[in-house]
Amino acid sequence: MIVQKLMADIPYNINIMNEFGVIIASGEKARLGERHRAAERAIQQKRMVEVVHDTSLEKKGTNEPIIFNDEIIGVVGISGEPAEVRPFTKLIKSIALLLVEELNEFSKKERKNNRKNEFLRNVLLANGRYSEELQKEALEDYRLNLKLENSCIMAESKRDLSESYPLQEVFDWQGKAIVLVEKLNAGLRQKPGSFIVSSPKIAIDQTIRAVGNTYLFLNFFGLYEQKVFYTKDYYFAGLFDFPLELDSELLKRVENCYDEYYATLILFAKNNTNANLTSSQLHIHRNTLGYRIQKITELTGCNPHVWYELCQLIYHFAYCFKMRFEAHG
């Protein structure tokens, strides 16, 4: 990348060699994979090596070792009169170092994120029975005491959680941000943004599942907004674990009409099957609502006017909602 970008502006051939002095990038493609003897000397001497005359084995130019964390990781070479190309060599070396440092920082972040993800997986798999090793890692790396009850707080923004809990590690979980805390921030209600707070438990997998299910529940029924929600207030969010076996035939019928009738069914249920209120909120005539409810009955075999059949429909519509939500991240 360096060679391609800079040779458009620098009228000299650029070579970049690896830590063994082998050319890995060059304006002269035929030289890729060749030994670069001046680069080998630069590596051995740990300083810039200049070639002042062309020979059968070498071309005039300057060769500057790239040193990162006290180790030579490569050499930058530019062909030409040393006095002319020396400043360009220094510049390209600096650019190469900046890129290496950037990649190194990115790698560190990736490794940290991988460790965090692995830790969270292990915590979830433990089901509240944490090994001494896991407890030590939690305390030393994440300020998390697994011997105590902790609450899980979920938000869509990492920044919102970091501002409220600057000392706690923010984890990524299914595209959302979560923190695990012993004590709740009393000022959380005054913070902008949406937060879902679980009840405190030793079993962290239960707290994370609770905020996840509550998030789905709130979105499914169109209740999600800018405020603090507590999982204890939404008992039926547990339906998103789908403890009852789904009716495969009904599920097929629901899947076929989900996109067209989801909004109608949810508002009808939220409004306690009140036709006037539902049609008003949907901005349709009451007769149109009646037609839609009749179509739902015909297509699914369940009548939304009958409370237990409405519950069946909600359960299967909720499953379709979750599948679509997970599919779209």
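Tutor: Asp205 is a residue of helix α6, which covers residues 204-220. The model is predicted, and the values discussed here are computed from it.

Student: What makes Asp205 count as buried?

Tutor: Its relative accessibility is 11%. Buried means under 20% relative accessible area, and Asp205 therefore counts as buried. Leaving aside its neighbours within four places in sequence, Asp205 is in contact with Leu124, Asn127 and Gly128.

Student: What makes Gln174 stand out in its backbone angle phi?

Tutor: Gln174 is a residue other than glycine, and its phi is positive, near 50°. Most residues other than glycine have a negative phi. Gln174 is found in the loop between β7 (171-173) and β8 (176-181).

Student: Is Gln174 buried or exposed, and how do you know?

Tutor: Its relative accessible area is 55%. Exposed means over 50%, so Gln174 is exposed.

Student: Why is Thr273 called partly exposed?

Tutor: Thr273 has a relative accessibility of 31%. Partly exposed applies between the buried limit of 20% and the exposed limit of 50%, so Thr273 counts as partly exposed. Thr273 is placed in the loop between α7 and α8. Its phi is positive, about 60°, although Thr273 is not a glycine.

Student: Which residues of helix α8 are buried, and how do you know on which side of α8 they lie?

Tutor: In α8 (residues 275-282), the buried residues are Ala275, Thr278, Ser279 and Leu282. They cover an arc of only 95° around the axis, and therefore they lie on the same side of α8. A general rule of helices applies here: with 3.6 residues a turn, residues three or four places apart point the same way.

Student: Against what do the buried residues of α8 pack?

Tutor: The buried residues of α8 pack against α7 and α9 (286-300).

Student: What is found at the start of α8 and just after α8?

Tutor: At the start of α8, a side-chain oxygen of Asn274 comes to within 3.1 Å of the backbone nitrogen of Asn276. The limit for a polar contact is 3.5 Å. Just after α8, His283 takes a positive phi of about 60°.

Student: Which residues of α2 are buried, and against which strands do they pack?

Tutor: The buried residues of α2 are Ala38, Ala39, Glu40, Ala42 and Ile43. They pack against β1 (14-17), β3 (49-51), β4 and β5. Lys46 follows α2 and has a positive phi, near 55°.

Student: What makes the space lined by α2, β4 and β5 a cavity?

Tutor: A cavity is a set of points where a 1.4 Å probe fits but cannot get out. The structure holds one cavity of 30 Å³ or more. The largest cavity has a volume of about 110 Å³. Of the 16 residues that line the largest cavity, Asn15, Arg31, His36, Lys59 and Asn63 are closest to its centre. At least two lining residues come from each of α2 (37-45), β4 (61-68) and β5 (71-79). The lining divides into three nonpolar, seven polar and six charged residues.

Student: What is the volume of the largest pocket, and which residues lie nearest its centre?

Tutor: The largest pocket contains about 550 Å³ of space. Its lining has 20 residues, of which Phe236, Leu239, Cys311, Ile314 and Tyr315 lie nearest the centre. Two or more lining residues come from each of α7 (248-270) and α10 (307-327). α10 gives the most, with six residues.

Student: How do the linings of the largest pocket and the second largest pocket divide by class?

Tutor: The largest pocket is lined by 12 nonpolar, five polar and three charged residues. For the second largest pocket, the classes are four nonpolar, seven polar and four charged. The second largest pocket has a volume of about 280 Å³. Among its 15 lining residues, Gln206, Ala210, Thr231, Tyr235 and Gly238 lie nearest the centre.

Definitions and conventions:
Residues numbered from 1 in each chain as written. Predicted model: local features only at pLDDT ≥ 70, side-chain atom pairs only at ≥ 80, totals over all residues. Heavy atoms only, no water. 1 Å grid on protein atoms, 1.4 Å probe; cavity = no way out; pocket = protein on both sides within 12 Å on 5 of 7 lines; lining within 4 Å. Points joined across faces, edges and corners; volume = space filled by probe spheres on them. Helix = DSSP H or I, 4+ residues; strand = E, 2+ residues; numbered from the N terminus. Nonpolar A, V, L, I, M, F, W, Y, C, P; charged D, E, K, R; others polar. Buried < 20%, exposed > 50% of the residue type's maximum accessible area, 1.4 Å probe, protein only. Arc of directions from axis to C-beta. Contact = heavy atoms within 4.5 Å. Polar contact = N/O pair within 3.5 Å; in protein donor to acceptor, adjacent residues only side chain to side chain.
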